[in-house]
Amino acid sequence: MLVSESDLRELLRDEVRKEFRHHREEILEALRGNDKVPPMNEPNPNELLTVEQVAQLLKVIPDTVRTWIQSGALTASRPGDGTRPGRKYRVRRSDIDAFVAASQRRPAPPEVVAVSEPAGISVG
């Protein structure tokens, strides 16, 4: 007896339906539950943010962020079309976290410590 490809597909489809018939409701319920987007507990470290978004996040003006980028203090990229860089900067969230961590570890400049010591102010 010779079986055609379409007959085999139909047989396979019927077998799969039989196997999953018992799990159909569970699968449908799981799919319905996935309609809601779960809240993001942690931001994606590879997310690219605009200068304006970084400024809002760090509570500074966008020009300050551009100055940090141009000075090399904050790492950024300018995604383009592959032949040349784009016009707008993009900053990875992980680079923002590294920038903030580095700025918190930076000691106060010596002139600030020298000026504040006589007044009895301690700078940590």
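**Entry 1. Overall picture**

I looked up burial first: of the 124 residues of the protein chain, 10% count as buried, where buried means under 20% relative accessible area, exposed over 50% and partly exposed in between, with a 1.4 Å probe and protein chains only. I note that this is a predicted model, in which local features need pLDDT of at least 70 and side-chain atom pairs count only at pLDDT 80 or more, while totals for chains, interfaces and linings use all residues. Residues are numbered from 1 along each chain as its sequence is written, and side-chain values use heavy atoms, with hydrogens and water left out.

I found 6 helices and 2 strands in the protein chain, taken as DSSP runs numbered from the N terminus (helices H or I, at least four residues; strands E, at least two). Their order from the N terminus is α-α-β-α-α-β-α-α.

Among contacts in the protein chain with a separation of 6 or more, 41% come from residues 24 or more positions apart, contact being heavy atoms within 4.5 Å.

**Entry 2. Salt bridges**

I searched the whole structure and found 4 salt bridges, each a side-chain nitrogen of Lys or Arg within 4 Å of a carboxyl oxygen of Asp or Glu.

I examined Arg93 and Glu47, which form a salt bridge with the closest N and O atoms 3.1 Å apart. This pair links distant parts of the chain, with Arg93 in helix 5 and Glu47 in the loop between helix 2 (24–33) and strand 1 (48–50), 46 residues apart. Is Arg93 buried or exposed? Arg93 has a relative accessible area of 15% and is therefore buried; Glu47, at 31%, counts as partly exposed. Leaving aside neighbours within four places in sequence, I recorded contacts of Arg93 with Pro43, Asn44, Pro45, Glu47, Leu49 and Leu57.

I then turned to helix 1 (residues 5–21). The side chains of Glu5 and Arg9 meet there in a salt bridge of 2.7 Å, N to O. The two residues are 4 apart in helix 1, so about one helical turn separates them. Glu5 counts as exposed at 53% relative accessibility, and Arg9 counts as exposed at 53%.

Arg66 is partly exposed at 27% relative accessibility. Which residues are linked in a network of salt bridges? I found Glu52, Asp63 and Arg66 linked in this way.

**Entry 3. Aromatic rings**

I found 1 aromatic pair in the structure. For Phe, Tyr and Trp (its six-membered ring), rings pair if their centres lie within 6.5 Å; planes under 30 degrees apart count as stacked, over 60 as edge-to-face and the rest as tilted. The ring centres of Trp68 and Phe99 are 4.7 Å apart and the planes stand at 45 degrees, so this pair is tilted. The pair links distant parts of the chain: Trp68 belongs to helix 4 (residues 62–71) and Phe99 to helix 5 (residues 93–105), 31 residues apart. I recorded Trp68 as partly exposed at 23% relative accessibility, whereas Phe99 is buried at 12%.

I also looked up charges over rings: the charged end of Arg78 sits over the ring of Tyr89, 5.7 Å from its centre. The criterion is NZ of Lys or CZ of Arg within 6 Å of the ring centre and within 35 degrees of the ring normal.

**Entry 4. Ile69**

I located Ile69 in helix 4 and found it buried, with a relative accessible area of 10%. Apart from neighbours within four places in sequence, Ile69 is in contact with Val51, Leu74, Ala76, Tyr89 and Val91. Ile69 and Arg90 are 21 residues apart in sequence, with 9.9 Å from C-alpha to C-alpha.

**Entry 5. Lys59**

I checked Lys59, which lies in the loop between helix 3 (51–58) and helix 4. Phi of Lys59 is near 60 degrees, a positive value in a residue other than glycine. Lys59 counts as exposed at 73% relative accessibility.
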